[in-house]
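Here are my notes on the model you sent over.

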Amino acid sequence: MIDVKHLSKSFGDHQVLKDISEHIYPGDKVVIIGPSGSGKSTFLRSLNLLELPTEGSITFDGVEITDPKTDIDQVRRKMGMVFQHFNLFPNMTIKRNITLAPVRTGLMSQAQADELAMQLLRRVGLEEKANAYPNQLSGGQKQRIAIVRALAMNPKVMLFDEPTSALDPEMVGEVLSVMKELAADGMTMVVVTHEMGFAREVGSRILFMDEGRIVEQGTPEEVFGNPQNPRLKDFLSKVL
Amino acid sequence: MAQYEAWKELLRQGGDVSFWQEFYVKFYQAFIEGDRWRQYLQGVGTTLLVTALALALGVILGILVATIRTSHDQQRIGHRNPVLGLLNAVCQVYVTIIRGTPMMVQLLIMGFVIFSSSRNYTMVGALTLGINSGAYVSEIIRGGLMALDPGQAEAGRSLGLNYVDTMRFIVIPQAFKAILPSLGNEFIVLLKDTSLINVIGGKEMVYAAQAIYGRTYEQMFPLVGVACIYLVLVIIFTWLLGILERRLRQSDRR
Ligand SMILES: Nc1ncnc2c1ncn2[C@@H]1O[C@H](COP(=O)(O)OP(=O)(O)OP(=O)(O)O)[C@@H](O)[C@H]1O
Ligand SMILES: [Mg+2]
């Protein structure tokens, strides 16, 4: 579904991603782990071109998105993204946060979007917040709304960048359970996280990144049960 | 009226007048005799007109300059557009010159050098104030755009919204709310700076006051009167801006 070939990315002379090739299949639940600064966010953000690769190509559903002629807005409509700091629009109600993109991109009418928003909000148990503003919500509620907002575009893949890292511990669970439901529904997901429990339970494949490379990957059993790379062993000994 | 003439005569002869009699005479002289209040009123009209024109021009210029400068700064390294680079340089020179020279000097140059043949002093004044204000407004807008969390625009774009929609629905409304107090402040500075166009012959309130005390030789009442009018105007506009700010802040309620 997403094909990454020889992806490199530099900020100035600092090379953050080093010749990464990877393929994400439909239905995959890829979990990316690794130490801070290893390039996890940069890799994830490259997938929907929030970061522009310096070299290499990325193809999504047969469309080469790194081609300057590709309409990136069209591609992004099919890729949902959830950020560490939620990035809800504070100047709009929750409902408008959710319906803005589907309506403006012509995906559906306002009435259809409103109905979809209520349906999605019900799914995450927040329908009574439809007319509230983001500042009136807790972190966990904000992140669940952010997930709903991305889902309203009916994406084929969801990208998560440390969705629970900015949350108070007691709110992590409510967000992870929404993500687990999503995974169970068959959504293709790429998740950067420090939640090893989630990685083990939900991940179909774990990628371990270090210094801009994917140095080891495998099923959760392989990666957590029988790590090979010394950096991975070292990393796991610190986080588990 | 007859009272005024009698007391005025008494005052001129150095006769024994009470404080209130003297106050009455001078007040009458400064504001009522010969319907002089009309001159102040005209001055207020000019002040408001010049403020409105200068504000409109300032905001248009400010948006233009801020747009050029932010889009220039947001370009990717190695993909710089030379036309944008040139425009950006022009904008930088403009902002530097305007912010680096006194308003008064700018007015004198515009009035007596660049538009020395124009007799429409009020419009030259409005133009100068607008050009001046544009430099400050552009910096205010740029500050507002830079202060906004880049995650907001990223979230908009990641949903598939295009650049224009992201600016229109997400970035600009938030930036506008953030800069409104500074814009209001700039507006009030502008309102008060209209008093300067008097130096190139603009017929605003100070001009009226000067014309009047040129005939009566009594400066205090016309000048304090003008000060009071400015004060009242500023208080009214500050109050109106406060209302606007409160309405925009609705979404911040927790
Ligand atoms: N916009 C940027 N400009 C310059 N350097 C950047 C930029 N974004 C990231 N970097 C650098 O790239 C490297 C990788 O960053 P990245 O955010 O991808 O790491 P990460 O694995 O997500 O780390 P974390 O777990 O802390 O989120 C870091 O050294 C960071 O300083
Ligand atoms: Mg990161």
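Predicted model: local features only at pLDDT ≥ 70, side-chain atom pairs only at ≥ 80, totals over all residues.

1. Start with the hairpin in chain A. Strand 1 (residues 2–11) and strand 2 (residues 14–24) of chain A run antiparallel, and 7 bridges join them. A:F11 stands opposite A:H14 of strand 2. The hairpin has 2 residues between its strands, and A:G12 takes a positive phi there, near 65 degrees.

2. On to the aromatics: I get 12 aromatic pairs over all chains. One of them is B:W7 with B:Y24, an edge-to-face pair at 5.4 Å centre to centre with 90 degrees between the planes. This pair links distant parts of the chain, as B:W7 belongs to helix 1 (residues 2–12) of chain B and B:Y24 to helix 2 (residues 19–32) of chain B, 17 residues apart. B:Y24 is partly exposed, at 33% relative accessible area.

3. Now look at B:F187 and B:F237. Their ring centres are 5.0 Å apart and their planes at 90 degrees, so this pair is edge-to-face. Here helix 8 (residues 163–193) of chain B, with B:F187, is linked to helix 10 (residues 220–248) of chain B, with B:F237, and the two residues are 50 apart. B:F187 counts as buried because its relative accessibility is 14%, under the 20% cut-off. B:F237, at 22%, counts as partly exposed.

4. There is also an aromatic cluster in chain B: ring pairs link B:F19, B:W20, B:F23, B:F27, B:F31, B:Y40 and B:F221.

5. Last, two arginines in chain A. A:R149 lies over the face of A:F89, 4.4 Å from the ring centre. The charged end of A:R200 sits over the ring of A:F224, at 4.8 Å from its centre.

Note on methods
Residues numbered from 1 in each chain as written. Chains lettered and ligands numbered in written order. Heavy atoms only, no water. Pairing = 2+ DSSP bridges. Helix = DSSP H or I, 4+ residues; strand = E, 2+ residues; numbered from the N terminus. Phe/Tyr/Trp six-rings, centres within 6.5 Å; stacked < 30°, edge-to-face > 60°. Buried < 20%, exposed > 50% of the residue type's maximum accessible area, 1.4 Å probe, protein only. Lys NZ or Arg CZ within 6 Å of the ring centre and 35° of its normal.
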